[in-house]
Amino acid sequence: MAAQIDGVETALAEKLEGVSLDEVKRILYGRPYKTLEFSAETQKLAQDGDFQLSGYIVDAQKEQTRAPRLVRVAAIQNKIHRPTTDSVVEQRDAIHQRVGAMIEAAAAAGANVIGLQEAWTMPFAFCTRERLPWTEFAESVYTGPTTQFLSKLAVKHDIVIISPILERDEEKDDVIWNTAVVISHTGRVIGRSRKNHIPRVGDFNESTYYMESTLGHPVFETKYGRIGINICYGRHHPQNWMMYALNGAEIIFNPSATVGTLSEPLWGIEARNAAIANHVFTVGINRVGTEVFPNEFTSGNGQPAHKDFGHFYGSSYIAAPDGSRTPSLSRVREGVLIAELDLNLCRQCKDAWGFRMTNRLDMYAQKLTEVSNPDYRPDIRREQ
Ligand SMILES: NC(=O)NCCC(=O)O
């Protein structure tokens, strides 16, 4: 396996400097952002914890009639912290402890809303297609240990937390879902959003465990802004992003678990394009590290059976509606990325580009109704 590089930004900075580096960064990432300064104590939390901490200011133009609407959003990417052969409780508790420390650092850095990665409390065991012990990581949105753990942190720091977990709906047939729980600054659960599109690609054998959401595209009104959550594979579906935006989201999180060989060239494009097309901020969060499982599994591609999923490349980033974006977190290290966003930028971009005004939804609604009929035939004209 090729050695893992830390990231595109580090590689560029090793080879370029001065104006060339600034120009390459501008061309790749849009306007430069100022960096957020953190106190010595906050930096020490990251140093002592051995995780990356970086921050940026994504400002907007000053308006005469509206004050800036500043919100600090944090994306946290983590590894698993115990071997997958340890007990479920030991594995989950170790991740809780680790991510708890990262949440403390994010809060010390002034974060208002913190987003975690997809199924953050567990290894991404769906590749195995085994049920036990992995299904034991599933827990209740309202009373499960993870919500209880995070509710305390939410109250302590006056923060909103987006907690994507494997959900066990104990009130309805014990069914399992891939769910993001939205925990208010009050510590109460505002609601849940479930994964709308389930992958059937590579080792992502998730359809074995749960079905597509039936909850639509809920948007959550929080103290710090309106939030939607488009879970992982849903990012390949532009209409999924669009529906959260049409329901009023200003920030759309994309908690993910994805590996380099499959999706890395797509990663920097999709959430960023969604921010542009929908006049919203997007937050792509991917897990990091390599996860090894006790039993071999196959990928249905003729290759030998194997025990690891490949490298989860992290690279979490935040994109703005004007097409600019932050640098990524590392491809190999855990990290906390913070961006201070001025939500006024959403409307400023709507006014400037007018994608909402010109989206012709009525035309597409009619056409999509026709196309979704199995008897529909594509409208291709040919020379007679
Ligand atoms: N977790 C998940 O949906 N992964 C699918 C692979 C991808 O979308 O990159």
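Let's start at the ligand: around it sit Glu118, Pro199, Phe204, Cys232, Tyr233, Ser256, Ala257, Thr258, Leu262 and Ser263, where being near a molecule takes a C-beta atom, placed from the backbone, within 6 Å of it. This shell has six nonpolar, three polar and one charged residue; Ala, Val, Leu, Ile, Met, Phe, Trp, Tyr, Cys and Pro count as nonpolar, Asp, Glu, Lys and Arg as charged, and the others, Gly among them, as polar.

The model is predicted: local features need pLDDT of at least 70 and side-chain atom pairs count only at pLDDT 80 or more, while totals for chains, interfaces and linings use all residues. Residues are numbered from 1 along each chain as its sequence is written.

The protein chain has two domains, with bounds from an automatic or database domain assignment:

| Domain | Residues |
|---|---|
| domain 1 | 1-30 |
| domain 2 | 33-371 |

Their centres, taken over C-alpha atoms, lie 25 Å apart. Eight residues of domain 1 and eleven residues of domain 2 make the contact, which requires C-beta atoms, placed from the backbone, within 7 Å. On the domain 1 side, three of these residues are nonpolar, three polar and two charged.

Now to residues 71-343, where UniProt places "domain: CN hydrolase" in an unreviewed entry; such annotations may be inferred rather than shown by experiment. This stretch is 23% helix and 31% strand, and its end C-alpha atoms are 7 Å apart. Helices (H or I, at least four residues) and strands (E, at least two) are DSSP runs, numbered from the N terminus.

Finally, leaving aside neighbours within four places in sequence, Ala106 contacts Ala74, Ile76, Ala111, Ile114, Val336 and Ile338.

Notes. Contact = placed C-beta atoms within 7 Å.
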